[in-house]
Amino acid sequence: MGFKLRDFFLNEEFLSEEGELNYNATYGGENFKVVVDVNKNPTKKGIKVKFFPVNEVGQVLTNLSPEEVQTLQNSIATTVSKKFNEYGLEFDRDTDAPDKSAANFQIPLDSVFTFIRDKILGRGEEQSTTGSEEPTTGSEDETAVA
């Protein structure tokens, strides 16, 4: 029987019934349930990351005031966005997310695309190097001749 990637994700220990990945984490001395999923809003394509504050036994705190959520979001944004920036990824606040009991963030799809293109796979400018191909035209190092 062959390996199926779909089966791996369906059995993943972090996958919730709703299809989102989540785990409990401690960051900056605070405990959170961190939820990661794709943004289903077509105008905000990307990966959404939610930080739900939890109590000592891991229960999500639902009675935070908007000011407390804003303070939490500011604190997380200040520290976590720097880590994402180290990899060339944007980590934006998602201020109009429907869940108001969490600090909501988004990694825009174009940021993920740029990360994959630039950091993982390369820009695609380097073609096969068998030695038989002609150099490509239009590179940044060439100067135009009138």
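**Notebook: salt bridges, core and a surface patch**

I looked up Lys44 first: at 17% relative accessibility, Lys44 counts as buried (buried is under 20% relative accessible area, exposed over 50%, partly exposed in between; 1.4 Å probe, protein chains only). This is a predicted model, where local features need pLDDT of at least 70 and side-chain atom pairs count only at pLDDT 80 or more, while totals for chains, interfaces and linings use all residues. Residues are numbered from 1 along each chain as its sequence is written, and side-chain values use heavy atoms, without hydrogens and water.

**Salt bridges**

I found four salt bridges in the structure (a side-chain nitrogen of Lys or Arg within 4 Å of a carboxyl oxygen of Asp or Glu). Lys44 pairs with Asp96, with the closest N and O atoms 3.0 Å apart. Lys44 sits in the loop between E2 and E3, and Asp96 in the loop between strand E4 (92-93) and E5, so this pair ties together parts 52 residues apart in sequence. Helices (H or I, at least four residues) and strands (E, at least two) are DSSP runs, numbered from the N terminus. Asp96 is exposed at 54%.

Next I checked Asp37, which bridges to Lys40 at 3.3 Å between the closest N and O atoms. Asp37 is buried at 13% relative accessibility, whereas Lys40 is exposed at 62%. Arg117 and Asp118 also meet in a salt bridge, 2.8 Å from N to O. Arg117 is partly exposed at 25%, and Asp118 is partly exposed at 31%. Shared partners join Lys44, Asp94 and Asp96 into one network of salt bridges.

**A lysine without a bridge**

Lys50 is in strand E3. I noted that Lys50 is buried yet has no salt bridge; Asp99, the nearest side chain of opposite charge, is 4.1 Å away. Lys and Arg count as positive, Asp and Glu as negative; His and the chain ends are not counted.

**Core**

The largest nonpolar core has 15 residues, and Phe51, Ile76, Phe91 and Phe105 touch the most other members. Such a core is a set of buried Ala, Val, Leu, Ile, Met, Phe, Trp, Tyr and Cys residues joined through side-chain atoms within 4.5 Å. H2 gives the most to this core, with four residues. Beyond four places in sequence, I list Ile76 in contact (heavy atoms within 4.5 Å) with Phe32, Phe51, Ser81, Ala103 and Phe105.

**Overall**

I counted three helices and five strands, in the order α-β-β-β-α-β-β-α. Buried residues make up 28% of the 146.
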